[in-house]
Amino acid sequence: TPVLKGVNLTVHTGEKVALVGRSGCGKTTALKLVNRQRDCTGGMVTLDGINVAEYDKNTLRGNISVTSQFPYIFNAPVKQNLLFAKPDASDEEIEEACCKACILDDIQKMPQGFDTGLGEKGMRLSGGQAQRLAIARVFLRNTPILILDEATSALDNVTQKSIMDSVAQSKQTVLMVAHRLSSIKDADRIAVLSEGKIIAEGTHEELMCSCEEYKLLYQSENTPQLL
C-alpha cells in the first residue's frame, strides 16, 4: 500500500517548509525520499529540476544535512563528534555552531570541555543535549539543504525557539517535521498531511482559519490536560 498518494509539493531555494499531521500520515517518509533513504515507487522527487535518482548518492547527500529525534552520537570527545561534520572546521566555527544550537554553555561546564568523552551512543548526554549537539553538527556542516525530523522534541520551548530562530535566519532550504507545532509555527509554509495526502498549505495563521485538521492539532497541543 503506498504511503504517499499524489503528493505535489514545491519548495523554493531558501524556503523553510514544515510537514505536519497525525502519526503515520507520511511525513517522515516524504523526507526520506529527498536524500534517497527510500526511493519512489511512482512519481519522482526533483532537485533543481533533475530527478534525485539520477544523482550520485554521495553527491546528493553531500548537499543535505539530516538530524532526527534520536541522533547518533559517536563514542568520542565532544569536539570529534562535531568535526565528523566538518573535519577542517576552526575553533571559532565550532563555537559559533554550538552557540546557535544552545549547547555551548553545557559543553563549557563539562569536566574537559570540548575534550570530554561522551561514551557509547552519547550515554553521558541527556536526550536534549544529544539533540542540541546534533543540531550544532548540522549548523557546522552548513549544507544547502537541511532536514529536521523531530529534531527539537526533547527541548524546552525557550531553547527550541532560540534554535528555530537560528534556522529561520539561515540561507538554507529547510524541510521540517514536528508533532509539537510550536516548533514550526513560524515556518514560511506549512503543509498538512492526512492519510498520505497534502490536504492544505499555508502559514500558521492561514491554516488556523482555513484547515480544521490543523486547527484541531494545534488546539489539542495547547489545551491543558486535567489530571
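## Helix 4 and its buried face

In helix 4 (91-100), the buried residues are I94, A97 and C98, where buried means under 20% relative accessible area, exposed over 50% and partly exposed in between, with a 1.4 Å probe and protein chains only. Viewed down the axis of helix 4, these buried residues fall within an arc of 100 degrees, so they line one face of the helix; the arc is that of the directions from the helix axis to the C-beta atoms. Helices (H or I, at least four residues) and strands (E, at least two) are DSSP runs numbered from the N terminus.

The buried residues of helix 4 pack against helix 3, helix 5 (104-108) and helix 6 (127-141), contact being heavy atoms within 4.5 Å. E92 and C99, on the other side of helix 4, are exposed. C102, which follows helix 4, has a positive phi near 60 degrees.

## Basis of the model

The model is predicted, and local features need pLDDT of at least 70, while side-chain atom pairs count only at pLDDT 80 or more and totals for chains, interfaces and linings use all residues. Residues are numbered from 1 along each chain as its sequence is written, and side-chain values use heavy atoms, with hydrogens and water left out.

## The loop between helix 1 and strand 2

R38 lies in the loop between helix 1 (27-34) and strand 2 (46-47), and its relative accessibility of 42% makes R38 partly exposed. Apart from neighbours within four places in sequence, R38 is in contact with T29, K32 and L33. The side chains of R38 and T29 make a polar contact at 3.4 Å, a term for a pair of N or O atoms within 3.5 Å in which, within protein, one must be able to donate a hydrogen and the other to accept it, residues adjacent in sequence counting only if both atoms are side-chain atoms.

R36 is placed in the loop between helix 1 and strand 2 and, at 14% relative accessibility, counts as buried.

Most residues other than glycine have a negative phi. R36, although not a glycine, has a positive phi of about 65 degrees. E195, also not a glycine, has a positive phi of about 50 degrees; E195 sits in the loop between strand 7 (189-194) and strand 8 (197-202) and is exposed, with a relative accessible area of 65%.
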